[in-house]
Amino acid sequence: MLWFVLLAAGMWILQGLLGLWQLRHFNQRFKLLRKEGRVVIGKSKGRVTAGVVLMFCLDQDCNIIRGEKMEGFSIFARLKPFNSFNHFNLLELEESKCNRLGKSASKAVMNAIENYKAFINIAKSDMEVVGTENTRITV
């Protein structure tokens, strides 16, 4: 019985260490994308199906420069290049364009769009425009 408890504890610790390794890799990739432009993240949790986390790097006009996607069940899932939407405008993407990706990836793309729109709305409401009516707000 003691061996079983020690084995379970060892597996739990190993899972935690591998989870930290995965998080470290994710943060490194995020920093690299962040150097190129703004980054938006979308996710889709899967209970029975594989979950998806994706990141899009955006230019000033909200066009997607490049993307990365992590898809899988386990802690061994890694970010991989996701170039399906390069040079598309994030705000002009529609769900019909995402259907060919699969359900989880499509949900992650739509979540990224929702997250970006929510960020823009919060940023605009926090800003106070001083000056003329023709002042352009850039976020």
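This is a predicted model: local features need pLDDT of at least 70, side-chain atom pairs count only at pLDDT 80 or more; totals for chains, interfaces and linings use all residues.
Reader: Why is Ala-108 called buried?

Author: The relative accessible area of Ala-108 is 0%, and because a residue counts as buried when that value is under 20%, Ala-108 is classed as buried.

Reader: What does Ala-108 touch, once residues up to four places away in sequence are not counted?

Author: Ala-108 touches Gly-42, Lys-43, Ser-44, Val-52 and Leu-54, where contact requires heavy atoms within 4.5 Å. As for Lys-69, the C-alpha atoms of Ala-108 and Lys-69 are 9.5 Å apart in space, while the two residues are 39 residues apart in sequence.

Reader: What makes Glu-68 and Arg-29 a salt bridge?

Author: Their side chains meet at 2.5 Å, N to O, and since the rule asks for a side-chain nitrogen of Lys or Arg within 4 Å of a carboxyl oxygen of Asp or Glu, the pair qualifies as a salt bridge. Glu-68 belongs to strand β3 and Arg-29 to helix α1 (residues 2–36), so this pair ties together parts that are 39 residues apart in sequence.

Reader: Are the two partners buried or partly exposed, and how do you know that, for Glu-68 and for Arg-29?

Author: Glu-68 has 1% relative accessibility and therefore counts as buried, the limit being under 20%. Arg-29, with a relative accessible area of 24%, is partly exposed, because that class lies between the buried limit of 20% and the exposed limit of 50%.

Reader: Which residues are linked with Arg-29 in a network of salt bridges?

Author: The network links Arg-29, Glu-36, Arg-66 and Glu-68. Within it, the side chains of Arg-66 and Glu-68 meet in a salt bridge at 3.4 Å, N to O, and Arg-66, at 25% relative accessibility, counts as partly exposed.

Reader: Why is Asn-86 counted as buried, and where is its place?

Author: Asn-86 stands at 19% relative accessibility, and since buried means under 20%, Asn-86 is counted as buried. Its place is in the loop between β4 (80–81) and α2 (95–98). The side chains of Asn-86 and Asn-83 make a polar contact at 3.2 Å, and, leaving aside neighbours within four places in sequence, Asn-86 is in contact with Ile-64, Ile-65, Arg-66 and Gly-67.

Reader: What lines the second largest pocket, and which elements give two or more residues to that lining?

Author: The pocket is lined by 16 residues, with Ser-44, Gly-51, Val-52, Val-53 and Gly-72 nearest its centre. The elements giving two or more residues to the lining are β1 (38–44), β2 (51–58) and β3 (64–72). By class the lining has 6 nonpolar, 7 polar and 3 charged residues, and the volume of the pocket is about 240 Å³.

Technical notes. Residues are numbered from 1 along each chain as its sequence is written. Side-chain values use heavy atoms; hydrogens and water are left out. On a 1 Å grid over the protein atoms alone, a cavity is a set of points where a 1.4 Å probe fits but cannot get out, and a pocket is an open set with protein on both sides within 12 Å along at least five of seven lines; lining residues have an atom within 4 Å of a point. Grid points are joined across faces, edges and corners, and a volume is the space filled by probe spheres set on the points. Helices (H or I, at least four residues) and strands (E, at least two) are DSSP runs, numbered from the N terminus. Ala, Val, Leu, Ile, Met, Phe, Trp, Tyr, Cys and Pro count as nonpolar, Asp, Glu, Lys and Arg as charged, and the others, Gly among them, as polar. Buried means under 20% relative accessible area, exposed over 50%, partly exposed in between (1.4 Å probe, protein chains only). A polar contact is a pair of N or O atoms within 3.5 Å; within protein, one must be able to donate a hydrogen and the other to accept it, and residues adjacent in sequence count only if both atoms are side-chain atoms.
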